[in-house]
Amino acid sequence: MSRVANNPVVLPSGVEVKLNGQEINVKGSKGSLQFTIHHVVEVTQEENVLRFAPRDGAKQSRALAGTTRALVNNMVTGVSTGFERKLALTGVGYRAQAQGKKLNLTLGFSHPVEYELPEGITAETPSNTE
């Protein structure tokens with residue numbers, strides 16, 4: 001069995017999961033997501049814990065059980081806390097500055113780079129290098 005699939009997914013408070021056959025719906029404060037689980041993977045829910053296991057001992061089943069567990073864990077994280085990346089610019093003269101929906105970057109080019117942020121993405125710059 002996959003080592004990843006051995007770890008259960010713990011559901012934080014405020015996250016609701018509905019299993020309907022091979023469909024899983026995850027709903028939280030940041031939105032809702034749905035996913036169709038492959039037929040060789042079995043999902044069981046016990047209170048606030050989801051467990052994943054292959055239906056048979058085939059190599060593909062074991063691999064898909066781990067992949068499905070990772071995808072559902074990412075869904076739970078996304079609807080509860082959202083995703084976040086923290087970047088640090090290291091080097092002389094490297095700076096970043098957020099201005100509304102634009103990110104101004106000074107990265108050593110002869111000109112500053114102005115990056116338009118996609119819809120739904122936000123950027124914060126607490127200092128010039130973060």
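Which residue in β8 is the bridge partner of Gln99? Hold that while I set the ground rules. This is a predicted model, where local features need pLDDT of at least 70, side-chain atom pairs count only at pLDDT 80 or more, and totals for chains, interfaces and linings use all residues. Residues are numbered from 1 along each chain as its sequence is written, and side-chain values use heavy atoms, with hydrogens and water left out.

Now the answer. Gln99 has Lys102 as its bridge partner in β8. A word on terms. Strands (E, at least two residues) and helices (H or I, at least four) are DSSP runs, numbered from the N terminus. Two strands pair if DSSP finds at least two bridges between them.

β7, β8 and β9 form an open sheet in the order β7-β8-β9, with antiparallel pairing. β7 (95–99) and β9 (113–116) are at the edges; each has a single partner strand, so one side of each has no neighbour in the sheet. From one strand to the next, the twist averages 20 degrees. Angles here run from 0 to 180 degrees between N-to-C directions, with axes fitted to C-alpha atoms, for helices over the stretch in contact. β7 and β8 (residues 102–106) share five bridges, in the antiparallel sense.

Next sheet. β2, β3 and β4 make an open sheet of three strands in that order, again with antiparallel pairing. β2 (16–20) and β4 (31–36) are its edge strands, each pairing on one side only. The average twist is 15 degrees from one strand to the next. β3 (residues 23–28) is joined to β4 by six bridges, antiparallel. Lys27 has Ser32 as its bridge partner in β4.

A helix goes with this sheet. α2 lies across β3 and β4, at about 170 degrees to β4. Thr68 is in α2 (residues 59–80). Is Thr68 buried or exposed? Its relative accessibility is 4%, so Thr68 counts as buried. The cut-offs: buried is under 20% relative accessible area, exposed over 50%, partly exposed in between, with a 1.4 Å probe and protein chains only. Beyond its neighbours within four places in sequence, Thr68 is in contact with Phe35, Ile37, Val41 and Phe52. Contact means heavy atoms within 4.5 Å.

Val41 takes us to β5 and β6. Val41 has Pro54 as its bridge partner in β6. Six bridges link β5 and β6, antiparallel. β6 also pairs with β1 (residues 9–10), antiparallel, through two bridges. There, Val9 stands opposite Leu50.

Look at the turn. Glu47 is in the loop between β5 (41–46) and β6 (49–54). The hairpin has two residues between the strands. Glu47 has a positive phi of about 55 degrees, and it is not a glycine. Most residues other than glycine have a negative phi. With 78% relative accessibility, Glu47 counts as exposed.

The largest pocket has a volume of about 750 Å³. It has 20 lining residues, and the closest to its centre are Arg85, Lys86, Thr122, Ala123 and Glu124. A pocket is an open set of points on a 1 Å grid over the protein atoms alone, where a 1.4 Å probe fits, with protein on both sides within 12 Å along at least five of seven lines; lining residues have an atom within 4 Å of a point. Volume is the space filled by probe spheres set on the points. The lining splits into eleven nonpolar, four polar and five charged residues. Asp, Glu, Lys and Arg count as charged; Ala, Val, Leu, Ile, Met, Phe, Trp, Tyr, Cys and Pro as nonpolar; the others, Gly among them, as polar.
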